[in-house]
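Please look through the chain below, with its sequence at hand, before reading my numbered points. I have kept each point to one part of the fold.

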Amino acid sequence: LCSYGGVGDEGGALTAAALRSGGTLVKVLGHAPMVDELRRPLSAPWAWWEPLLRRADIVVANVGHHYRALDGRYARYGAMVRAALARFDARMPPHAHLVFRTSNIGHLGCERAAAPLLSRAAAWSALGGWEWSAPPFQPEYFGQARAGVADVYDWRAPPSHESLWATLAA
């Protein structure tokens, strides 16, 4: 998904599908509010989407790249991962699978590109290269761009921290 016009363009906040072979796929899209919900202690009231987890076989949770509006340097990302894993583990059936997304890699103007980039290296190059460093300021709101850099929305930040999920889930 490259073009963006709000949560509605991404399938809405909730998508549930019955799988032909049995089972249920639940996708919850929450952006910045979902991060706050995931950070709550387990004893806190449930988020509106949490009861759906009990019947899901596959859960796809997507906070988008908007995490940066809450923690622009990704300093608390590990704590969010730990809290989210505990929350999902307490609510999901033991056989269920969790896919946690922080959005796709895109590049400024990708919605106007004639074709997708041909390689992972080309995608990272369009964003300014493999290395990401935290900006000197946090965006005032989740959609604000950072001027003067190729990666105006810090799209490289989430994938740079994804290894924490595998490490902490082990």
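1. How many bridges join strand β1 to strand β2? There are 5 bridges between strand β1 (residues 14-18) and strand β2 (residues 24-29), and the two run antiparallel; strands here are DSSP runs of E with at least two residues, numbered from the N terminus, and two strands pair if DSSP finds at least two bridges between them. Ala-18 stands opposite Thr-24 in β2, and in the hairpin, which has 5 residues between the strands, Gly-22 takes a positive phi near 105 degrees.

2. On the source: this is a predicted model, in which local features need pLDDT of at least 70 and side-chain atom pairs count only at pLDDT 80 or more, while totals for chains, interfaces and linings use all residues. Residues are numbered from 1 along each chain as its sequence is written, and side-chain values use heavy atoms, with hydrogens and water left out.

3. Glu-50 lies in helix α2 (residues 50-53), a helix being a DSSP run of H or I with at least four residues. Glu-50 counts as buried because its relative accessible area is 0%, where buried means under 20%, exposed over 50% and partly exposed in between (1.4 Å probe, protein chains only). Leaving aside neighbours within four places in sequence, Glu-50 is in contact (heavy atoms within 4.5 Å) with Pro-45, Arg-87 and Arg-91.

4. Leu-168, placed in helix α6 (residues 163-169), counts as partly exposed because its relative accessibility is 30%. Leu-168 and Leu-85 are 83 residues apart in sequence, yet 8.3 Å apart in space, C-alpha to C-alpha.
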